[in-house]
Amino acid sequence: AILAGCGKKDAAPAAPAPTTSDKAAPAAPPTDRAVKIISIKPEVDALKAGDTVKIALSASYTVPAQGGLIGIVAQDAKGALIVDKLTPVEGGSGTFVGELEFKVPATDRVSVLVPLYAKGEDKSSTVATHQFAVKAK
């Protein structure tokens, strides 16, 4: 009887463990979230270094019920941050529209990233990206 009791105690906590700690979960991409760029303006392949540009984009998204944040981030070719902006969104699916204005640095390319964060997360594994080449003035 004692052995059976110990076995039950060991087995019972094993099932709820994954729901109590998200950090221990494997790094498989979550299925309750997604983000995809639908359109981005200006509709050009290249930006000019030194120009001030306004990026306007729309993206479709799905975020867990608790809601979250959608970012727009511009980075240079080395991955250094140019500018970023976060916008809160409600849980569920929808379309996000955002703008980002910045001076184009002297670099090979500018990456525009659109990360999606569920509420309470500080890292995102759900990111849409768009690349612009950069031409020297």
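Author: Arg33 is buried, with a relative accessibility of 13%. Buried means under 20% relative accessible area, exposed means over 50%, and partly exposed is anything in between, with a 1.4 Å probe and protein chains only. This is a predicted model: local features need pLDDT of at least 70, side-chain atom pairs need 80 or more, and totals for chains, interfaces and linings use all residues. Residues are numbered from 1 along each chain as its sequence is written, and side-chain values use heavy atoms, leaving out hydrogens and water.

Side chains of opposite charge can pair when their charged atoms come close. Here the rule for a salt bridge is a side-chain nitrogen of Lys or Arg within 4 Å of a carboxyl oxygen of Asp or Glu. That rule finds three salt bridges.

One joins Arg33 to Asp32, with the closest N and O atoms 2.9 Å apart. Asp32 is partly exposed, at 34% relative accessible area. Another joins Arg33 to Glu121, at 2.5 Å from N to O. Arg33 sits in the loop between helix H2 (17–20) and E1, while Glu121 sits in the loop between E7 and E8, so this pair ties together parts 88 residues apart in sequence. Helices (H or I, at least four residues) and strands (E, at least two) are DSSP runs, numbered from the N terminus. Glu121 is partly exposed, at 33% relative accessibility.

Then there is Lys54 with Glu99. Their closest N and O atoms are 3.7 Å apart. Lys54 is partly exposed at 46%, and Glu99 is partly exposed at 38%. Shared partners join Asp32, Arg33 and Glu121 into one network.

Nine of the ten residues of E7 are buried, so E7 is largely enclosed by the rest of the structure. Two strands count as paired if DSSP finds at least two bridges between them. E7 and E8 run antiparallel, joined by eight bridges. In that pairing, Arg109 stands opposite Ala133 of E8. E7 also pairs with E4, again antiparallel, over six bridges. There Gln75 has Ser111 of E7 as its bridge partner.

Step back to the sheet. Five strands make an open sheet with mixed pairing, in the order E2-E8-E7-E4-E5. Strand E2 (46–48) and strand E5 (81–89) are at the edges with a single partner strand each, so one side of each has no neighbour in the sheet. From one strand to the next, the twist averages 25°. Such angles lie between N-to-C directions of axes fitted to C-alpha atoms, for helices over the stretch in contact, on a scale of 0 to 180 degrees.

Last comes the core. A nonpolar core is a set of buried Ala, Val, Leu, Ile, Met, Phe, Trp, Tyr and Cys residues joined through side-chain atoms within 4.5 Å. The largest one holds 26 residues, and Leu57, Tyr61 and Phe102 have the most contacts inside it. Strands giving two or more residues to this core include E3 (52–63), E6 (92–103) and E7 (109–118). E3 gives the largest share, six residues. Contact means heavy atoms within 4.5 Å. Beyond its neighbours within four places in sequence, Phe102 touches, among others, Val53, Ile55, Ala74 and Val110.
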